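Subject: Structure handover

Hello,

Here is the structure I promised to pass on. Please open it and keep it beside you while you read the notes below.

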Amino acid sequence: MGLALKSLERLLLPNVCVSCERSVEPSNPDALVCAPCRSRLREVPAGCHRCRQPLPPVGPCRFCLDWPDELSWATSGFWLGPEAREIVHHLKYEGFSRLGEIVAEAIARVIPRPGKACLVPVPLSDARLRERGYNQARAIARPLSRLWNLELSETTLRRVRDTKSQTSLTPEQRAENVAGAFEADHPGRRCENTLVLVDDVLTTGATLVAAAQALKQAGWVSIGAVTFGRALPFEVRVGIS
């Protein structure tokens, strides 16, 4: 189905929530996610200072322990529970690019605005971009840059190699799959050499690490990351989501 036909289909569909498929509230007829489903999004609580993952009772954070230094920090707004999963699925695979605005608003509500920086959406390969018609990370980053009043750089980072879907891969396979998949431009005078990657979901961090390594190699000093969803701990171990 072509992108234009998909867009027309979305206009003709009744105003129902993409998560629960019930009618949205009459006071907000253009909403794509109803108020009850938005309220059921489970915020990732503050934990590790580097990745926000809840800390174990004893010892260091196991989630980001093996991340290389290139990725200084990464934070996520919500656990990838049923409601968040449906939102991400419709944003990525069902043509609902406008969900990027709802996702950006949710992120800005629970994650403090970073300091002076540029937001950089994690890019898709050319083949994946043609297939989907848009980049879901860019659909989030654009409204988020307005909400946070931060500059947006859509050309600093490029995906130079197509990669397999990460969905069924183990953590080790994910890292191998995206290794060397990105290239980056050298820093300009903006943003004091600080960038914040924006993506839809963080599972193991493999994609964000690979992107950060490319940016660091190009000369950027500090790279962090923000995502809407975060895979639940069990899903990280078995490599799903």
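Start with the contacts. Residues 24 or more positions apart account for 74% of the contacts in the chain with a separation of 6 or more. Contact here means heavy atoms within 4.5 Å.

Before you go further, note that this is a predicted model, where local features need pLDDT of at least 70, side-chain atom pairs count only at pLDDT 80 or more, and totals for chains, interfaces and linings use all residues. Residues are numbered from 1 along each chain as its sequence is written, and side-chain values use heavy atoms, with hydrogens and water left out.

**The whole chain**

The chain holds 9 helices and 7 strands. Both are DSSP runs, numbered from the N terminus: helices are H or I with at least four residues, strands are E with at least two. Of the 241 residues, 50% are buried. Buried means under 20% relative accessible area, exposed means over 50%, and partly exposed lies in between (1.4 Å probe, protein chains only). The accessible surface of the chain is about 12,100 Å². Carbon and sulfur atoms own 52% of that surface. These areas come from the Shrake-Rupley method with a 1.4 Å probe, and for residues only the protein chains shown count as cover.

**Strand β1**

Look at residues 73–79, which form strand β1. W73 is part of this strand. Its relative accessible area is 25%, so W73 is partly exposed. Setting aside residues up to four places away in sequence, W73 touches R50, P114, V196, I223, G224, A225 and V226. Now find S222. W73 and S222 are 149 residues apart in sequence, yet 9.2 Å apart in space, C-alpha to C-alpha.

S76 is also in β1. Its relative accessibility is 0%, so S76 counts as buried. The S76 side chain makes a polar contact with the side chain of T227, at 2.7 Å. A polar contact is a pair of N or O atoms within 3.5 Å; within protein, one must be able to donate a hydrogen and the other to accept it, and residues adjacent in sequence count only if both atoms are side-chain atoms. Beyond four places in sequence, the contacts of S76 include V44, R52, I111 and L202. F228, G229 and R230 are among them too.

**Aromatic pairs**

A pair of aromatic rings is described by the distance of the centres and the angle of the planes. Rings of Phe, Tyr and Trp (its six-membered ring) pair if their centres lie within 6.5 Å; planes under 30 degrees apart count as stacked, over 60 as edge-to-face and the rest as tilted. By this rule there are 2 aromatic pairs.

One is F63 with W67. Their ring centres are 5.7 Å apart and their planes sit at 65 degrees, so this pair is edge-to-face. F63 and W67 are both buried.

The other is F78 with F228. The centres are 5.5 Å apart and the planes are at 50 degrees, so this pair is tilted. It links distant parts of the chain: F78 is in β1, F228 is in β7 (residues 222–230), and they are 150 residues apart. F78 is buried, at 2% relative accessibility. F228 is buried at 2% as well.

**Cysteines**

How many disulfides are there? The count is 0. A disulfide is a pair of cysteine sulfur atoms within 2.5 Å. For C17, the closest cysteine sulfur is in C34, 3.7 Å away, which is too far for a bond. For C64, the closest is in C51, also 3.7 Å away and too far. C17 is buried at 1% relative accessible area, and C64 is buried at 5%.

**Helix α6**

Helix α6 covers residues 136–148, 13 residues in total. From first C-alpha to last, α6 reaches 18 Å, close to the 18 Å expected at 1.5 Å a residue. The expected span is 1.5 Å times one less than the number of residues. Buried residues in α6 include I140, L144 and W148. At the start of α6, a side-chain oxygen of N135 comes within 3.0 Å of the backbone nitrogen of A137.

N149 follows α6. It has a positive phi of about 55 degrees, although it is not a glycine. N149 is exposed, at 65% relative accessibility.

Best wishes
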